[in-house]
Amino acid sequence: MKEIKAIIADDEEQLRSYLKSRLLEVWPDLVICGEARNGQEALDLMEKYRPDIAFLDIRMPGLSGMEVAKKIAGTCRIVFITAYDQYAVEAFENEAIDYLLKPVTRERLERTAKRLKEQIAASTEPPLDFSEIVGRLMSNLQDMKTSGYLQWIQVQQGDSIRLIPVDEVYYFKASDKYTMVITKEGESLIRKPIKDLADELDPNKFWRIHRGIIVNAACISKVSRSLTGRSIIRLKDLPETLTVSRSYTHLFKQM
Amino acid sequence: MKQEPILIDRKRVLKSFFYTAFFNTVIAIFLTGLKFGSGIFINFIFAQCIGLTICSFVLIAHYFLRTVSGVIQPIAIILAMIIGSVVGTLLGMAATGANISIFVDKDVPFIHVVLIGILFGSIITYFFFSRERISRTEILIQEERIKRLTSEKKTVETNLRLLQAQIEPHFLFNTLSNILSLLDTDLKKGQNMLMDLIHYLRTSLKKTREDTTTIGQEIEMIHAYLHIFCVRMEDRLSYKIDIPDSMKDIPFPPMLLQPLVENAIKHGLEPKIEGGEVSIRGEENGGILRLEIADTGVGLYKGGGSGLGLSNIKERLKSLYGDKGQLILEENRPSGLKAIIEVPYERDQGNHSR
């Protein structure tokens, strides 16, 4: 019978060796042909040995285990490893994806080994739509964690560059080619036109109320309508009011 | 504190007119019932003219004087009512084509109409303003309640997050897995790591119940934490701690520094293939304690949120020190991030005099 080859990818040396020795206990015939310390090394090993099974830690520097899985889907069977990732584990359960929890227990490893052996013996092909499933999982998990929107504003302060979380910005105001960033602490200028900023900020949190003004919705304390029909915005903690220009009034229509 | 003026917006203006028109109708019916004036139709027109004019004048006076405080505003409103009543009566006369003789016939002189206008005008204006005041007080009470509830919620959340931060499951399970493995391969190393973990858990768990600890204790715990990571990440991690001995027994809030060290590793160095260094520095200068945690990691992690930990630290600094305590984030050179905590400190409170 043809020998079954596997690789192990985890950034922590101890965890690789632990998994390796436990695996060999429950599955002595398994050939572990390589160990990778990061996603890229895992890909290189795949290329080199064409293994039947890849054990991939999810959190790895460079490429994550999921990213590696997406690239090699269809070429081998994948078992994910994670120390604790509630959402990922839930998602794996739903998609019937193999996974191991660190520290791996003998029982669990035996079960996984048995299933892998059966699948390989029946020579069923590794599922081709795996990459699609993983891709979907990744985007779901990504959504849960963070958005792709701008999170930080970099502001020059003396000779250092300070980082301000966008959530702390009250509003942005266009100033020629630059943009004024107004926070509770004061104002600072950044070298980015407000037009570009508008594209990078989360439109659910940052509302453009004027050609030259983007306001943090969380910092609005009150919106009122003036006698001329304009919406006037009052901000928390700051004395100034902002006027919504006509073309953006629809934002506040239902208020 | 200055009282916020009542806002006048379009919705409120329309509402006022609507209510006024309603009251006017009631008044017209009421007066007709008393056999006052010249029939329901004429009375209705007069009531509307006078009422709506008073309403407009009062609103205009209120609008222009909304920021003026003191007695000027009520006086202006009374004046507006009187003028409104006179103008309204004249308007009513113009609208009905009636001249003053109607009233003369019926023994209703001009001045009576005006006075009735003022009488009802006062009642309605008073009604509006007191209602406004009541609703405004209600809003204030509501806002206070929301504020209180929010701050209570925040405290609970902070405590929860503190607890979670100390025993972050990912950290715990990975560390335990490492220890398990070391028990096979390097017993001594495994034991040491277990001791570090115990030390870390004990100090951090103890701290939930204490309001302050010392910089020295905090650093000792961070030492254990970093030591654990040095075993786990091997040559990918190095660290140095540079805190003058004189600072070590200065009181300091617990779990402010540790999350920053955790961030440096989790978001800065762990994702970096070649790893890097964490350096912790402290100095005391001119009544300010400054603690700096710098890493040479990947820097601003892409798409990484502004970090639960960071806003948590900011909130705690704010509640402990007001505007005097701050967390500053900077780019580290040549790579990575630098987090700086600055808090006020007075020498004598630490018994440092030699």
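Trainee: How many bridges join strand 14 of chain A to strand 15 of chain A?

Mentor: This is a predicted model, where local features need pLDDT of at least 70, side-chain atom pairs count only at pLDDT 80 or more, and totals for chains, interfaces and linings use all residues. Residues are numbered from 1 along each chain as written, chains are lettered from A and ligands numbered from 1 in written order, and side-chain values use heavy atoms, without hydrogens and water. Strands are DSSP runs (E, at least two residues), numbered from the N terminus, and two strands pair if DSSP finds at least two bridges between them. Strand 14 covers residues 231–235 of chain A and runs antiparallel to strand 15, and the bridges joining them number three.

Trainee: Which residue is the bridge partner of A:Arg234?

Mentor: Look in strand 15 of chain A. The partner there is A:Thr241.

Trainee: Why is one side of strand 13 and of strand 15 of chain A left without a neighbour in the sheet?

Mentor: The open sheet has the order 13-14-15 in chain A, with antiparallel pairing. Strand 13 (220–225) and strand 15 (241–243) stand at the edges, so one side of each lacks a neighbour because each has a single partner strand.

Trainee: Which residue takes a positive phi in the hairpin of strand 8 and strand 9 of chain A?

Mentor: Strand 8 (residues 169–175) and strand 9 (residues 178–183) of chain A pair antiparallel over six bridges. A:Ala174 has A:Thr179 as its bridge partner in strand 9. Two residues lie between the strands, and the one with a positive phi near 55° is A:Asp176.

Technical notes
Helices (H or I, at least four residues) and strands (E, at least two) are DSSP runs, numbered from the N terminus.
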